[in-house]
Amino acid sequence: MIEARVIVDDQPIGIISPRVYGHFAEHLGRCCYGGLWIGRDAAGNTDGFRTDVLDALRELPVPLIRWPGGCYADHYHWRDGIGAPATRPATLGMSCGLHVPDDNALGTHEFLSLCDQLEAEPYLAGNVGTGSVQEFCDWIEYVNETVATKLTSERAANGRRDPWAVRLWGIGNESWDCGGRFDAVSYAHEYRRFAAMARHVDPRAEFVAVGLEDDGLPEMGMDPHWNARFLAELGSDVDLVDHLSIHRYWVHGGAEAAFDEADYYALLDEADGTERLIERTARTLAGAAKPGHPISVALDEWGVWHPEARSWGPGNVARRTPVTFEQANTLRDALAAGIAFEGFHRQCRVLSMANLAQIVNVLQSVLATAGPVCVRTPTYHAFALHRVHIGAEALRVEVEVNVDGSGPTGRPALSATASTRGGGFAVTLINRDYRRSVIANIRAAGAVSSSRLLAADSPDAVNTPADPNRVSPRHLVVESQGSGSYSTVLPPHSMATIEFAARGAERH
Ligand code: AHR
């Protein structure tokens with residue numbers, strides 16, 4: 001048995017923005033169509049969306065959703081998705097090298113009503129690759145303008161008199177590849193035109209520029225200096241950027257479910273590495289931003305992308321064809337998400353947004369639908385265990401472990417993140433060890449008000465329609481040792497959140 005001491009520092013890092021617990025919904029596979037939208041005639045719909053999906057998402061909660069892509073955004077023309085559904089055209093969208101036929105039943109009004117229903121902030125991704133500055137400006141006017149104009153009258157005729165006041169607007173997606181294969185300099189010129197003109201339309205809009213940061217960019221034939229070049233080319237117009245987007249997919253964990261111990265640690269290490277990308281991007285931004293106009297990092301796609309759900313990249317396993325972007329979601333994936341959240345909390349002063357890819361059915365989704373059944377994946381429960389941290393103030397945590405690290409890279413077996421709100425505080429612990437339990441000792445003055453554990457007999461455990469709760473939170477026994485000391489045992493490959501009613505962990 002491993003022993004660990006958890007020390008929560010009282011030096012706050014910053015507020016964990018609710019936007020950091022965001023999601024991403026693309027017109028891709030069964031995410032938007034089938035997962036979210038089933039139409040107003042289908043059984044079990046609420047205003048066209050799956051009621052069971054809405055209910056599960058509301059519980060999480062979902063503070064932010066990015067839509068309609070992804071790569072899809074750079075082929076999307078918003079006017080195709082407004083007006084009476086019968087009049088909307090069938091169009092051929094594109095994403096990830098595939099054709100995405102779209103009847104446009106889910107358009108701007110439907111997506112924004114989804115956000116209203118979930119109390120989620122919308123983040124609309126604009127089309128640079130095949131779109132125009134005028135089209136982008138018109139979309140912003142249609143959605144946000146208060147003054148009576150041709151476009152706002154059209155909005156009212158389509159059923160929405162009041163503007164939605166959408167703040168977040170993306171200017172392209174992965175413009176270095178699927179979004180148009182720009183180089184950093186030519187994208188900067190496009191970006192300047194889009195952002196400058198759109199800012200006239202809505203000065204309160206926040207613009208997200210396309211960045212690029214990842215490990216091994218030169219090996220992939222990509223520009224490792226994209227961010228610096230793009231920002232330098234903008235020069236004094238760099239204040240047209242509010243957030244710089246980066247994406248991080250974990251692809252080195254072997255098979256989705258039939259992974260071995262080395263693969264297990266490889267995925268968790270890759271999840272850990274996400275924080276380095278945020279830090280690197282933040283350093284570049286700090287060197288380029290104008291005084292008084294900080295630019296923050298928007299990790300607007302993140303998560304695991306297993307080889308079975310893609311045709312490219314590492315992974316010596318049989319690929320499923322055709323690619324549906326659907327993959328098994330195991331307890332290991334939930335732990336990887338928890339590890340990412342630790343980094344998000346530590347970086348909360350520079351990370352303004354993070355969006356899991358994707359919300360339903362596709363990639364590391366929190367929900368998987370199968371016919372009439374909606375299954376909560378282990379990753380759903382990882383999000384649920386972190387609910388208490390949303391909007392709270394992140395605290396530094398130190399963990400001391402009595403044995404050498406776990407896995408080939410020797411990282412400590414236990415990691416933790418903590419936050420405080422209104423005098424109480426919460427700590428989330430992850431036992432990353434593949435085989436061994438960890439006894440965690442936590443010093444805290446307050447009383448335990450809630451303690452929940454996410455664990456399973458094996459890290460490859462999944463939830464299925466036949467066994468939907470195999471990986472789901474249960475009560476965790478936390479014993480008081482007296483004098484404000486608590487101990488608990490975390491089984492191998494598990495995650496737990498303990499909440500204390502009054503803040504008072506050991507300080508130093
Ligand atoms: O999430 C799937 C795809 O991954 C997105 O469309 C794209 O932005 C990224 O490459």
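Residue L112 is located in helix α2 (helices are DSSP runs of H or I with at least four residues, strands are runs of E with at least two, and both are numbered from the N terminus). In this predicted model, local features require pLDDT of at least 70 and side-chain atom pairs count only at pLDDT 80 or more, whereas totals for chains, interfaces and linings use all residues. Residues are numbered from 1 along each chain as its sequence is written, and side-chain values use heavy atoms, with hydrogens and water left out.

Leaving aside residues up to four places away in sequence, L112 touches P122, V143, W164 and V166, a contact being defined by heavy atoms within 4.5 Å. T497 lies 385 residues from L112 along the chain, and the C-alpha atoms of the two are separated by 33 Å.

Helix α2 (residues 108-118) also packs with helix α1 (residues 51-59): their axes come within 10 Å and cross at roughly 50°. Axes are lines fitted to C-alpha atoms, for helices over the stretch in contact, and angles run from 0 to 180 degrees between N-to-C directions. The two helices α1 and α2 are therefore oblique to each other; angles under 35 degrees count as roughly parallel, over 145 as roughly antiparallel, 65 to 115 as roughly perpendicular and the rest as oblique. On the α1 side, L54, L57 and R58 meet L114, Q117 and L118 of α2. The residues of this contact comprise four nonpolar, one polar and one charged (Ala, Val, Leu, Ile, Met, Phe, Trp, Tyr, Cys and Pro count as nonpolar, Asp, Glu, Lys and Arg as charged, and the others, Gly among them, as polar).

A392 occupies the loop between α9 (378-385) and β16 (393-401). Its contacts, not counting residues up to four places away in sequence, are with G14, I15, I16, S419, T420 and R421. A392 and T420 are 28 residues apart in sequence, with a C-alpha to C-alpha distance of 5.7 Å.

Over the whole chain, nine helices and 24 strands are present. Of the 508 residues, 57% count as buried. Among contacts between residues at least 6 apart in sequence, 75% join residues at least 24 apart.

Definitions and conventions
Buried means under 20% relative accessible area, exposed over 50%, partly exposed in between (1.4 Å probe, protein chains only).
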